[in-house]
Amino acid sequence: MSAASLPSEAPERPASPPPVDAPPWRRFVRFVTEANVAMVTLLAVVGGLFVGAILIVVTTPATLHAWGELGSHPGRAFSVTFQTLGNAYGALFVGSVISPSALGHAISSGRGWTGVFTPISETLVSATPLILAGTGVALGFSTGVFNIGGQGQLIAGALAATYVGFGVHAPIGIHLPLVILAGAAGGAVAGFIPGILKARTGAHEVIVTIMLNYIFLYLLEYLLTTQPLQEPHQSNSISRTISSTGQLPHLFGSGLRVNLGLIVALAVAAGASWFMRRSTLGFEFKVIGANPAAGRTAGMDARRATILVLMISGALVGMAGMSTLAGTDFFLSTGYGGSTGFNAITVALLGRNRPLGVVLGSLLFAALSTGGRYMQASTGIPIDLTSVIQAVIVFMVATPALVREIFRLREAGAGKILLFTKGWGG
Amino acid sequence: MKLELAGITKRFGALVANDHIDLTVAPGEIHCLLGENGAGKSTLMNVLFGLLHADEGEIRIDDEPVRFADPGDAVRRGIGMVHQHFMLVPVFSVAENVVLGFEPTRGGGFLDHRKARKDIRRLSQEFGLEVNPDALVEHLPVGAQQRVEILKALIRDAKVLILDEPTAVLTPQEIEALFRIMRSLALAGRSILFITHKLKEVLAVADRITVMRLGKVVGAADPTAVDEAELAAMMVGRSVELVVRKEPPKPGPVVLELRGVRIVDARGVAVVDGVDLEVRAGEIVALAGVQGNGQTELSEAVCALRNPEAGTIRLDSTDLTKATPKAALRAGVANVPEDRQVDGLVLGMSIADNLVLDLFDREPFARHGARDLARVAADGEIKLAEFDIRAPSARETVGNLSGGNQQKVVVARELSRAVKLLVASQPTRGLDVGSIEYVHRRIIEERDRGAGVLLVSSELDEVLALGDRIAVMYRGRIVGIVGPSAGRDRIGLMMAGIAQPGPSESDGDNPPVTNLDLT
C-alpha cells in the first residue's frame with residue numbers, strides 16, 4: 001500500500017507511517033522498532049543467547065559461588081559472571097568463525113593460515129547439508145506439503161550416491177556429476193512414494209514420510225551388511241568407500257574441509273528462490289498449496305503438483321545426503337545423517353521458508369554446533385547448551401507475538417509477518 | 001439510553017474505513033445503517049463494540065463520553081451485538097449458551113440452571129422470542145439460533161442491540177418474525193442498530209436510515225419519505241438501473257449439447273438423471289430450481305470438474321464428456337463458480353496473480369517456464385480499470401477486497417479468454433446493488449457478443465430478468481423449459497415439482513425490459 005495516496009496526514013500522530021520520502025534514518029528506526037520478520041528473527045537469536053547465559057550462570061560452580069557471596073563481594077559476582085559468559089560465548093565464536101589471536105599470529109609470522117580458517121571452514125561444511133535439506137523442506141512447506149521425511153530421503157540420496165560413487169568408473173568430469181545426480185534421484189524416489197500415495201489415495205504425507213524414515217533407516221542397516229554395499233572383508237556395518245573421482249573437491253586446498261558441496265548448496269538455494277518467485281511450476285505449486293479447489297477450477301492438476309512437489313523436495317534433501325557422503329565422509333555407516341533431516345525442518349522454520357533465510361539459518365545452526373564443540377573443550381560448558389539456545393530461538397521465531405511483547409515492538413503492517421505453523425497438518 | 005458516535009475515524013494503513021462518522025441512536029429507535037459491502041458498516045460496529053479502536057472521535061452514552069477497551073466493556077455499558085456468523089456452542093443447550101461467560105451460580109459454585117431457564121422464559125415472553133431453553137443449539141433452525149443470540153444480548157441487559165446483516169441467512173418467514181421481535185424491543189425502549197444492504201428490509205422496519213458509502217456517511221433519510229431507487233442511488237453514488245435492459249436474443253448454432261447426462265455423487269445417488277439440454281450461441285439459458293436439485297453438479301460437469309457416469313457433453317465439436325478441467329477451459333468454457341472464495345480465488349494472492357490463474361503458464365504471461373511478472377502486473381492494472389475493480393492496485397491481496405470486487409476479479413479472468421460458453425453459477429449471490437448490476441450487464445454483453453450462456457441461479461428474479469429460456473430442474477431432471485413470459489407462479493410450481501410445463505418455448509412476447517426485484 002502506498003502511503004502517498006493518503007490525504008494529508010496529521011504530523012503529530014506517531015502511529016501513522018512516515019511518508020515514503022522520509023529520511024533513511026527514520027525509516028531505519030521504524031524498521032527496528034517494528035515486529036517484522038527480520039527483527040523477530042534477530043531478537044529470537046538475542047533471546048536464545050540470553051537464556052543460554054542464564055543457564056551458564058546457574059550451572060557454573062564459580063559463578064554460583066560468586067553470587068553466593070553477593071553480600072560481601074558484590075562487585076565480584078558481576079565480574080565473575082561477565083568473565084564466564086565472555087569465555088563461553090567467546091569460545092563459541094572462536095570455535096565457529098575465527099580466532100583473533102591465531103589471526104594475529106598468522107599475520108605476524110606469515111604462517112598458520114590454515115588454522116585461522118579451520119573454524120569457519122568447519123562451520124561451512126556442517127552448514128552445507130542443512131542448506132540443501134532445509135531448502136527442500138521449505139519448498140514443500142511453502143506449497144502446503146509437510147515433508148517430515150527428511151531423514152529417509154537423505155539416506156535414500158546418500159545410498160544412491162554411494163552405489164554410483166564406488167560402482168561407476170569414469171573421469172571426475174563425468175563421475176562427480178553422476179554422483180550428484182544420483183543423490184538427487186534417490187531423494188526424488190523417496191519423495192515420490194508419499195507423493196503418489198497422497199495423490200491416489202489421500203494418505204497424509206506427514207504420516208507416510210515419518211514412517212518412511214524408519215523404512216529407509218533400517219533399509220540402510222540391512223544393505224550395510226550385504227554385498228555389494230558393504231566393505232569387503234569387514235564385519236562392521238560400513239559401506240565401500242567411493243572413488244576419488246566421485247568426491248567433491250576441496251575448495252581451498254587439502255587442509256580445509258570446505259568443498260564444492262557448499263557451492264552446489266548455494267546454487268540450489270538460489271535456484272529454489274528463482275523457482276518459487278518466477279517459475280510457472282512454482283506458481284502452480286503455490287496456488288495448489290493455498291487453495292487446491294481454485295487451482296483445479298483454473299485447470300491445474302493438483303495430483304500432479306503434489307507428486308512433483310514431494311519429488312523435488314525429496315531430491316534436494318537427497319542431495320544433502322550426497323553432500324556429506326561425497327564431501328567429507330566418503331562411506332556410509334549405520335545412523336548415517338544423524339538428525340540433519342529433522343534439523344532441516346527447524347532451519348526451514350527459522351528461514352521462514354525462503355531460501356535466503358534457510359541459508360542464514362543453516363549458517364547460524366552450523367556455527368552453534370561447531371562452536372559448541374570448541375566451547376566444551378576449552379571451557380567445560382557442555383555442548384548441549386547450544387541445543388538449548390537453538391531450541392529457544394526456534395521457539396521464539398514460532399511465536400512472534402511473544403517476541404513482540406518481550407521486546408515491546410510495534411505491530412508490523414498487515415502481511416509483513418505470518419505465523420509459520422498456520423495450516424500445519426492440514 | 002441515547003447512543004452517539006461523534007467523528008469516528010478508523011484507518012487500516014492507507015485505507016480509511018471510517019471517515020469522521022457521526023451517528024445518533026435515540027432510545028426506542030430502529031436505526032438502519034445501509035451501505036454496499038465494503039462501505040465500512042462492519043468496521044464502525046466493531047469500533048462501537050470495542051473490537052476495534054477508533055483513531056479519532058468518541059462514543060457517548062447519554063452525553064457521557066465512554067471508551068471501550070474490549071467487548072466486555074461495551075457489554076457492561078449496555079451494548080449487545082448479534083454477529084452475522086453466530087457465536088454459539090452447537091452441543092450446548094439454549095440456556096447454557098445464553099448464560100455462557102457469566103453463569104448464575106448457587107452456593108458452592110454450582111450452576112443455577114433454574115434461574116437461567118427462568119430468565120430466558122421471562123425475556124422470551126416479553127419480546128416474543130420463542131425458543132425452548134432446553135433444546136440443543138445444533139438442532140435449532142437458523143432463525144431460532146439467531147433468537148438465542150438476541151437473548152444472549154438481552155440477558156446481559158443490552159440497551160442498544162447491534163444486528164449485523166441479520167437477514168442474510170433467514171427465510172422470508174423468519175425475516176418477518178425477526179422484524180416483529182425488533183419492533184417489540186423498540187416498543188420496550190431498547191434501541192436497535194440494524195446493518196444491511198437490502199433496501200426492502202430497510203423500508204419495512206427502520207425508523208431512521210443512515211446511508212454509508214466508501215467509509216463516509218453520505219446521507220440520512222426518513223423511511224416514509226424515500227423509495228428504493230433513491231436509497232440505492234445514495235448507496236452507490238449514482239442512479240442505478242433497477243431493471244435489466246436487454247435486446248431480444250439472436251440465437252445462433254448450438255454451442256453446448258447435453259445428451260442423457262447422468263451424474264452420480266459420492267454416495268452413489270444419481271443427482272443428475274438423464275438431462276438433455278442445448279445452449280445456442282447468443283442466448284442465455286437459465287437453469288432454475290431450488291438449490292440441491294442437481295444444478296450445481298450439472299454446471300460442474302459442463303466445466304469438466306466432474307465427469308458424468310453416462311451421457312455426452314459436447315462443446316461445439318469438442319467432446320467434454322471425459323475431459324479435464326483444463327481441456328474444457330481451452331475449448332472455450334468460462335466458469336464463474338458458485339463459491340468464489342473456495343473455487344474461484346486464491347484469497348492470499350494478489351489480484352494480478354488471480355487474474356492469470358488460468359493462463360499463468362502461457363504467452364504473454366510466461367515464456368520457457370519463467371513467469372513475466374512485469375507483464376502480469378501490467379495486465380492486472382489494465383483489468384482493474386476495464387472491469388471496474390475497486391482496489392488501490394493490482395498488487396492488493398484479493399482477500400482484502402469486498403465480495404463484489406472479488407466477484408469482478410473472477411469475471412474479469414473468465415471473460416479474458418476466448419469464450420464460447422459462459423457458465424455462471426449464482427453469479428450475484430451476496431453482492432451489493434452496484435456489483436449485481438455490473439455482473440448482469442457483463443453477462444448480457446457476453447451473450448450479445450455471440451457466446452452461449454448457462455446461468456445457474458436460485459434467485460427467481462435473476463432467472464426471469466436474464467434468461468432467454470428457462471430450464472427448471474427438480475430432483476436431477478429438467479421438468480420443463482419455458483420462456484420468461486411464463487411468469488413466476490408457473491415457474492415456482494415447476495420448481496416445486498408440481499406443474500407440468502405444457503407447450504413451451506413460445507417466447508414470442510418476450511419483453512425487452514424486465515423488472516428486477518431487489519431482494
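Modeller: Let's start with a residue in a loop. Phe330(A) lies in the loop between α13 (302-329) and α14 (340-350) of chain A. Bear in mind that this is a predicted model.

Biologist: What is the phi of Phe330(A)?

Modeller: Phi is near 70° there, a positive value in a residue other than glycine.

Biologist: Is Phe330(A) buried or exposed?

Modeller: Phe330(A) counts as buried because 20 other C-beta atoms lie within 10 Å, and the cut-off for buried is 20 or more.

Biologist: And His20(B), what about its phi?

Modeller: His20(B) is not a glycine either, and its phi is positive, about 50°. This residue sits in strand β2 (residues 15-25) of chain B. His20(B) is partly exposed, since it has 14 other C-beta atoms within 10 Å.

Biologist: Change of topic. What is Arg296(A) in contact with?

Modeller: Apart from its neighbours within four places in sequence, Arg296(A) is in contact with Ala302(A), Leu305(B) and Pro325(B). Arg296(A) belongs to helix α12 (residues 292-297) of chain A. It is buried, with 20 other C-beta atoms within 10 Å.

Biologist: Now chain B. Which domains is it divided into?

Modeller: Domain 1 covers 3-236, domain 2 covers 243-332 + 418-515, and domain 3 covers 345-416. The C-alpha centres of domains 2 and 3 of chain B are 27 Å apart.

Biologist: How many residues are in contact between domain 2 and domain 3 of chain B?

Modeller: On the domain 2 side 11 residues take part, and on the domain 3 side 8. Helix α15 (residues 433-448) of chain B gives the most to the domain 2 side, with 6 residues. That side divides into 5 nonpolar, 3 polar and 3 charged residues.

Biologist: What order do the 6 strands of the open sheet in chain B come in?

Modeller: The order is β17-β20-β21-β14-β22-β23, with mixed pairing. At the edges are β17 (333-336) and β23 (477-482) of chain B, each pairing on one side only. On average, neighbouring strands are turned by 20° against each other, direction ignored.

Biologist: How does β17(B) join β20(B)?

Modeller: They run parallel and are joined by 4 bridges. Asn335(B) has Val423(B) as its bridge partner in β20(B). Val423(B) also stands opposite Leu454(B) in β21(B). β20 (residues 421-425) and β21 (residues 452-456) of chain B run parallel, with 5 bridges between them.

Biologist: Which residues of β17(B) are on each side?

Modeller: Val333(B) and Asn335(B) are on one side, Ala334(B) and Val336(B) on the other, and all are buried.

Biologist: What lies across β14, β22 and β23 of chain B?

Modeller: Helix α17 (residues 488-495) of chain B does, running at about 30° to β22(B).

Biologist: Where is confidence lowest in chain B?

Modeller: Strand β24 (residues 513-515) of chain B is lowest, with a mean of 39, while helix α12 (residues 351-355) of chain B is highest at 96. Residues 503-519 of chain B have a pLDDT below 50, yet beyond near neighbours in sequence that stretch has 41 contacts in the model. Chain B averages 85, and the complex gets an ipTM of 0.79 and a pTM of 0.73.

Technical notes: Residues are numbered from 1 along each chain as its sequence is written. Chains are lettered from A and ligands numbered from 1 in the order in which they are written. This is a predicted model: local features need pLDDT of at least 70, side-chain atom pairs count only at pLDDT 80 or more; totals for chains, interfaces and linings use all residues. pLDDT is the predictor's confidence in each residue, from 0 to 100. Helices (H or I, at least four residues) and strands (E, at least two) are DSSP runs, numbered from the N terminus. Two residues are in contact if their C-beta atoms, placed from the backbone, lie within 7 Å. Two strands pair if DSSP finds at least two bridges between them. Axes are lines fitted to C-alpha atoms, for helices over the stretch in contact, and angles run from 0 to 180 degrees between N-to-C directions. A residue is buried if 20 or more other C-beta atoms lie within 10 Å of its own, exposed if 12 or fewer, and partly exposed in between; C-beta atoms are placed from the backbone. Domain bounds come from an automatic or database domain assignment. Ala, Val, Leu, Ile, Met, Phe, Trp, Tyr, Cys and Pro count as nonpolar, Asp, Glu, Lys and Arg as charged, and the others, Gly among them, as polar.
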